[in-house]
Structures are given as C-alpha cells and as structure tokens.
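This report describes selected parts of one protein model. Please look through the sequence and the structure before reading on.

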Amino acid sequence: MSSSGGPVTQFYNCRVLRDHKLVDDHLYIQDGKIVDPARLFWDKQRRPDIRIDCKGGIVSPGFIDVQINGAYGYDFSDDAEIIEEAVDNISKGLLLQGCTAYCPTTVSSRPEIYHKVLPHLGPRAGSIENGAAILGAHVEGPFISPHKKGAHELATLRTAANGLADIDACYGLENLRRYAAYMTVAPEVEGMLDTIPKLISATGIAVSSGHSNATTDVAGQAYTQGAQMITHLFNAMHAFHQRDPGLIGLLGSSGPRPFYGIICDGIHVHPHSVMIAYYAHPAGACLVTDAMSAQSLPDGTYRLGKMDVDVHDNFVFIKGTDTIAGATITMPECVRNFIKFTGASQVEALENATLHPAQMLGIADRKGTLAHGADADILILDSDLHVQRVFIAGVEATRKNVHFRKRP
C-alpha cells in the first residue's frame, strides 16, 4: 500500500453526526483533516494505521463557544497585562472540556484596553500546544444601550454619531479586521444603524444585535443592514410585548431570521423561554456559555472587566447588586440542558453547539461539521453526551499532553 500522507486514523463502533443525523458509520482522519475513506482506499491505496474503538459512543464535531468572557480565574478584558497567560490557560482548559474553538469576548472597555488585548485574541489554529482554536474576538460593546447595559460599565459606553470614525477611534478598524470575528451593538444607538453595513464592508466581521432597547422595527432594519445574530437572546434587551416584541420579535418573522445566542444555565433564561425560542427558530440556536472568570472555580469574588462580581451556587451578580454578570456553565452542560429544557433531539442539541455557530461565523466548511475536508476537531461522547475523548487537529488532547493552570 502507498505511504501517501501521514498516518490514517479510523474511528469505528460509533454513531457519527453527519447530515443532521446520527448514523452508524466510521470516520477517517489524516493530517488534521477528515477524509473520504473511498478516496483513501481507491486513489491512495491506504488502509487505517490507527483504529480507535468508540465503544458505541457518539462522534461529534468539537463544541464552539462564540461568547465567553473568561474562565479558570482569567478575564479577557481585565487581564490586559497578562493577556498571553490568560489566553494560553483558558484555551487549553476549554479544549479539555470539549470546546475545540471559541471567540474570546471582551466587555465594554476603554480604547486602550482594546488596543492591548485584541492583538492576542485574533484567529489562531487549535493544537495540543495552543489549546482550542481561536476564531477571532467577540467585541461586546461599548456601542450598546445604557438602558440595557447589564454588566457593562456605564462610563465606557459610546455612540456612533460619527459613523466609522467613532468605531475606529474606539478599537482601530485594522484591529477589528485582523483580530475580531464579530461585534455586538445596539442598533438604536445614535449612528449605528447606518454604520452597520459600512462596518461589515470595512472589516469583514459579523455583527450581532444585543444589549439593546430596540423596537422590532429597528431590529428588523438592523437585520436588513447585516446584523445576522442576536446576542444572548432574552437577556439585556427590550422585554417581549405583544405589540412590540423588540429583538425577540425577529424570531417570529415570516422571512429569513437571525441566529441567536442562548445561555442554557437555567438562570439567565427560564427553560420555558428556551423552548419558545427553539420552537420559533430551531435552526438559529447557538448555545453560548457567556462564562466569566469563575468558570470551573469555587464560589467567591471575581472580576468581570473592571467590576467585582459575587459567585454563589452558579449565580453571578455584580457585587452589591442583583444584576446578573455572566455565567459559570460549560458547553457540555449547555448541550445537555438544552435537551432537558426543550425535549430536542441529541442531533439538534449538538448542532446548536457545533454547526450553527460555525454557520453564523461563515466557517461551516471547516468547523462544526464532520464533512470531508473539515478540520479534525472531534469529540467522542457517551450516550448521555458526556465528553469521553477530545481530538484537536486530529491529535488526542489529554491531561497528560495539555498542561494549563488555574489562576491562583
């Protein structure tokens, strides 16, 4: 047989998530990519060099979290002086959880913070050395509504009265072009509605509506202008009203509808609300953790941006207030909770954490899928969707070869 290319690995005795179904099949990978076994055998005359028995488990793409503020004691906005350390440890910790790609998220901050941290949050390949792949930063604010600021510092908020010039003054358009994946804005903020298409054209990033008091009419205009997602649906937005459901109303549109992030920790969003969103637009759901620095750590006082927050029994509040300030849940827990809250199938829940986020970011040709040619970021899950094994770029990630630390 030919020795063309690197070793071929076969996953067998498994159910593979493929074409919106779990099918009894094998999966083959080579050189960090998922490959077509027919071409391997007939064109390259290759048979598997390594065979992995999945013991009846589910083979899924790795999870993708497009909104996470921090974990393991680190915060992407507050830890500007040690940002490389923060990125390194969070990326590796997330990988071992089963999150193979993510968008590090910055809360509303001052311009100097963006200029320090964004160059470290840009796209980076996933590997044993790097940890989870970085898809580019999610820049959440500061062009958001002061009425729906949530856990964002009021003094940092801005308008776009001068259009792209205000965006440039805050982040630097080149920083967004090189390092960001998408931005959350409130479309009703002065100047923002007209700026959305210019921002997309100038930087190539995606835009999401969130932290917004927008009416449904304005939200619809923002969608038409290019805002293709809603950030953490139901949270920090115009409450649903029968005559004006705000951003939430876009899920009831008779035409194309946006993707939406949703936090399934049972705290941010009531399970019944999760079910309403699921029934309204199942193909748009993107599970997000919105996790902050206390993820995977004990209860206590932590930082989110420049604010102190109290963490107790999975509740996170700005210190001294009843304002929710991020979450501590992990992606595998979000997936299982989605099924618990909605009765959705395992396929639907898994695609909410894999395919849909990739589609939202326009990278579904290589992430969030097990199609031939996609990146070999793979999970083996048991029948209850607990992560058993993790592979990044075709290499298994374990606590023996992925070393990270929690911040003391």
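The model is predicted, so local features need pLDDT of at least 70 and side-chain atom pairs count only at pLDDT 80 or more, while totals for chains, interfaces and linings use all residues. Residues are numbered from 1 along each chain as its sequence is written, and side-chain values use heavy atoms, with hydrogens and water left out.

**Two buried residues**

Helices (H or I, at least four residues) and strands (E, at least two) are DSSP runs, numbered from the N terminus. Buried means under 20% relative accessible area, exposed over 50%, and partly exposed in between (1.4 Å probe, protein chains only). Contact, or touching, means heavy atoms within 4.5 Å.

| Residue | Place | Relative accessible area |

Leaving aside residues up to four places away in sequence, Ser212 touches several residues, among them Ser145, Lys148, Met237 and His238. A polar atom of the Ser212 side chain lies 3.0 Å from the backbone nitrogen of Ala214. With the same exclusion, Ile318 touches Gly150, Ala151, Met307, Asp308, Val309, Thr323 and Ala325. From Ile318 to Leu361 there are 43 residues in sequence and 30 Å in space, C-alpha to C-alpha.

**Helix α8**

Helix α8 (residues 271-280) has Val274, Ala277 and Tyr278 buried. Seen down the helix axis, the buried residues of α8 fall within an arc of 100°, so they line one face of the helix. The arc is that of the directions from the helix axis to the C-beta atoms. An α-helix has 3.6 residues a turn, so residues three or four places apart point the same way. The buried residues of α8 pack against β15 (259-262), α9 (331-342) and α10 (346-352). His272, Ile276 and Tyr279, on the other side of α8, are exposed.

**The largest pocket**

On a 1 Å grid over the protein atoms alone, a pocket is an open set of points where a 1.4 Å probe fits, with protein on both sides within 12 Å along at least five of seven lines; lining residues have an atom within 4 Å of a point. The lining of the largest pocket has 20 residues, and Pro123, Leu135, Ala181, Ile363 and Arg366 lie nearest its centre. Elements giving two or more residues to this lining are β10 (133-134), α5 (173-179), β12 (180-185) and α11 (355-361). The largest share, 3 residues, comes from α5.

How values were computed. Polar contact = N/O pair within 3.5 Å; in protein donor to acceptor, adjacent residues only side chain to side chain.
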